[in-house]
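Good morning, and thank you for coming.

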Amino acid sequence: MAETRDVVELILQDHRKMEDLFRLMRSVEADRAAALREFSDLLIAHALAEEAKVYPALKRYKKIDDEEVEHGEEEHEEGNKALLELLEVDEVGSEEWDEKLEELVQAVTHHADEEERTILNGARENVAMERREELGEAFVEERERQLKAGCGAVDNVRRIVGS
């Protein structure tokens, strides 16, 4: 992927990476447990970085609907709960695992689709590129900090869901 600092493009890249990881988690030929670990880290780091660095800044723009931003945060919670349920399944590839995976796919795909149509399109139309690049740098910095801290570990996901 091309190097970009535009927060909109960075978020879209993460969404596409999550879709790729969903395909791996569904594939009996892939290391599904490794794909889940990578997905868990990415989902948690992505959501925490959006909530810490991107969403508060976007709420300041009149043409970006605050309710959509708040709804995005609620959908992060739903995705985190679905992730935790999948992480807590003992046997990768079991019927229960496949069921919880589909619930996770549905929650995250729904959120990504809505976020792309509402929040990100609003940001693309109403936020100057220079500001989107500043937000992109802050987003990447926070996402990397979370990834280094092992944010997708089951105990951390439990803590996030419980808070």
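This is a predicted model: local features need pLDDT of at least 70, side-chain atom pairs count only at pLDDT 80 or more; totals for chains, interfaces and linings use all residues.

Residues are numbered from 1 along each chain as its sequence is written, and side-chain values use heavy atoms, leaving out hydrogens and water.

Let us start with helix 1 (residues 7-26) and helix 2 (residues 32-58), whose axes come within 9 Å and cross at roughly 155°. Helices here are DSSP runs of H or I with at least four residues, numbered from the N terminus. Axes are lines fitted to C-alpha atoms over the stretch in contact, and angles run from 0 to 180 degrees between N-to-C directions. The crossing angle makes helix 1 roughly antiparallel to helix 2, a term for angles over 145 degrees. Helix 1 passes helix 2 in a left-handed crossing, that is, the near helix is turned anticlockwise from the far one by less than a right angle. Contact means heavy atoms within 4.5 Å. Among the residues making this contact are Met18, Phe22 and Met25 of helix 1 and Leu36, Phe39 and Leu43 of helix 2. By class, the contact divides into 13 nonpolar, 2 polar and 6 charged residues. Here Ala, Val, Leu, Ile, Met, Phe, Trp, Tyr, Cys and Pro count as nonpolar, Asp, Glu, Lys and Arg as charged, and the others, Gly among them, as polar.

How do helix 2 and helix 3 pack? Their axes are 11 Å apart, at an angle of about 160°. Helix 2 and helix 3 are therefore roughly antiparallel to each other, and their crossing is left-handed. The contact includes Leu36, Phe39 and Glu50 of helix 2, together with Gly72, His76, Leu83 and Leu87 of helix 3. This contact has 10 nonpolar, 5 polar and 3 charged residues.

I turn now to the cores. A nonpolar core is a set of buried Ala, Val, Leu, Ile, Met, Phe, Trp, Tyr and Cys residues joined through side-chain atoms within 4.5 Å. Buried means under 20% relative accessible area, exposed over 50%, and partly exposed in between, with a 1.4 Å probe and protein chains only. The largest core has 25 residues, of which Phe22, Met25, Phe39, Leu83 and Leu104 touch the most other members. Two or more residues come from each of helix 1, helix 2, helix 3 (66-87), helix 4 (95-126) and helix 6 (154-162). Helix 2 gives the largest share, 7 residues. Not counting residues up to four places away in sequence, Phe39 touches Met18, Leu21, Phe22, Met25, Leu83, Leu104 and Val108. A second, separate core of 18 residues includes Val8, Ile11, Ala49 and Val54.

Finally, two residues. Beyond four places in sequence, His111 touches Glu50, Tyr55, Gly72, Glu75 and His76.

Leu87 lies in helix 3 and counts as partly exposed, at 21% relative accessibility. Leaving aside neighbours within four places in sequence, Leu87 is in contact with Leu36, Ser40, Gly152, Val154 and Val157.

How values were computed:
Angles under 35 degrees count as roughly parallel, over 145 as roughly antiparallel, 65 to 115 as roughly perpendicular and the rest as oblique.
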